[in-house]
Amino acid sequence: MCGIVAYLGDKEAQPVLLEGLRRLEYRGYDSSGIAVLNGKGLEVTKKVGRIQQLERVLAVRPLHGSLGISHTRWATHGKATDVNAHPHTDASGKLAIVHNGIIENYGILKKKLIDKGFQFRTETDTEVLAFLIGFHFDTLDTDTENRLEMAVMEALREVTGTYGLVAIHQDQPGLMVGARRGSPLVLGIGKHEHFLASDVSAMAAHTQTVAHLRDFDVVTIDRNGYRLKSLSQNKVGLEISKIDYQSGEAEMGDFPHFMLKEIFEQPISIQNAFRGRLNLDESTAQLGGLNLTPQDLREIDRIVITGCGTALHAGLVGEYIIESMAHVPVEIEWASEFRLRNSPMDRRTLVLAVSQSGETEDTLGALREARRKGHRVLGICNNVASTLARETDGGVYMYAGPEVSVAATKSFTSQVVIFALLALLLGRMRFLSASQGRGIIEAIEALPDQITQVLRQSAHIRKIAEKYRNANSMLFFGRQMQFGIALEGALKMKEITYIHAGGHPTAELKHGIIALVDEKTPSVFLCPKDGAYDKNINNLQQVKARKGPVIAVATEGNEEIRNHADDIIYIPDAPDFAAAILSVVPLQLFAYHMAVILGRDVDKPRNLAKSVTVP
Ligand code: G6P
């Protein structure tokens, strides 16, 4: 969601900032803006809509200067409008800030400032923060050396809530001040230049040397370097690291959309998830990052999996996989619910937080709640430099490469593969035989080629999408491991086509959902050859009997299904957990083609953010 890029160096700031904002586009936003300091003072330009709209204005009236801040905003307080976009200025118009997060007590602060005679222009919490910093700045002596830094710190002492922010002021023209609490802010250290950004990708083209600010850190950057202070009693200190981030990986190449590129990357991303993690000699998996001894692993008697959106659906598939392979009871908890619940757990419970970005606020809230209560929390995450990666006790990285499209695809399949690895590891410590373990390994290793086979049906799936392009609503059905796939297929359809879609356990059809069936509502049945096949066909026929069109995802070689379904997409024959991974790929393609046919903004669907950093 909201993104921050700030620059101080030798170059012109505007092109550096715009390039950084484009790198953050994938996070989702509805307006953007930039502020630059130069000989004339502070200049601000902001625009609702895509970054191209901001660029068009800046092409006519460029902002010159080598110190600037910029932002992509995803509206929380106040509508998406030019005036509500960041940067926000203070009452004097000399100070500008960009801010991610939420100022929870902004109402009280605003009232105090109104009582002092200030007049606000927007309904945003960020403007209140700008005014508050400006107020403190103006009350400090004009010759105070660290005036902006002090003003930021004074203001933040009054604030409850979360922030990643950067402030600049025309009366202290050579510096910028950044601060963090709850919302990520990364310092980039280049040659004669420094960056502050909410995500390393925004600066990866310029520097690979970064340091993640910690909560309550305040950093002041000028031409000579940076200085760190803290709003807490914590010892100040930055951990500087080299990032291994190829900014080129996030290019679209020959694909028309990132989403299609990422769907087609799955044979490779899946391989990256299991490479080096299969132990053929012992027919098990090895996951060094868990930081757990074999004894610890044997003692786990319950697992709670938490996450949001697609990550939660992967967790649901993971629940079935772990329970069937390892016989360890698993529970799935929406992170947003879990963080507020007093879920009964004991020291043998393992919490698994799943997140592609590692920055989803609800997932971080859930993991912090579990850790506060003394539980061990592991992460399954793609972004190695994320807050989740830093705050968990260990975990498994996905190594899927950057996922840019808002709709998650390759991260889902990698997460499910990781659950299979974990289930194999736990299972082999319990009752799974070596030959069962070998069977699972073979099925995992076969996945990249099998996914390639499914991808070859993209044109066929596009034709199916054409056929149902006028649908207003769709139903997705699956049982057991395919239930999570039904939810994920429906989520993909909703996210990028805006067609209403529901995912259901197949047998629930008769408990209400069947009332939705008519000739205009397609039903997607996930019915590979598994233990539930006959039951699934039964349900499928109930839909057909009510004239509902049926699209079946079935196992290759199943000719009988042609008697029942209107359209069929075949997946290779595979064990249940692998069939779940194979079944989601056609649903990703179905949603993708439908979105393209309907002329939707595939990679940046309306109202959505790639990474939701507000609760
Ligand atoms: C947002 C995105 C979803 C994503 C979810 C969790 O809602 O729009 O696509 O699945 O966040 O994201 P995470 O980065 O935690 O996996």
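The legends below describe close-up views of a predicted model. Local features need pLDDT of at least 70, side-chain atom pairs count only at pLDDT 80 or more, and totals for chains, interfaces and linings use all residues. Residues are numbered from 1 along each chain as its sequence is written, and side-chain values use heavy atoms, with hydrogens and water left out.

**View 1. An open sheet of six strands, paired antiparallel.**
The strand order is β5-β6-β7-β8-β12-β13. Strands (E, at least two residues) and helices (H or I, at least four) are DSSP runs numbered from the N terminus; two strands pair if DSSP finds at least two bridges between them. β5 (88-89) and β13 (225-230) stand at the edges with a single partner strand each, so one side of each is left without a neighbour in the sheet. Six bridges link β6 (residues 95-100) with β7 (residues 163-169), and A96 stands opposite I168 in β7.

Leaving aside residues up to four places away in sequence, Q450 touches P572, D573, A574 and L582; contact means heavy atoms within 4.5 Å.

**View 2. Strand β24 (residues 523-526) and its side chains.**
S523 and F525 point one way, V524 and L526 the other way, and all are buried. β24 runs parallel to β22 (residues 473-478), joined by three bridges, and V524 is the bridge partner of F476. Four bridges join β24 to β25 (residues 550-555), also in parallel, with F525 opposite A552.

Definitions and conventions
Buried means under 20% relative accessible area, exposed over 50%, partly exposed in between (1.4 Å probe, protein chains only).
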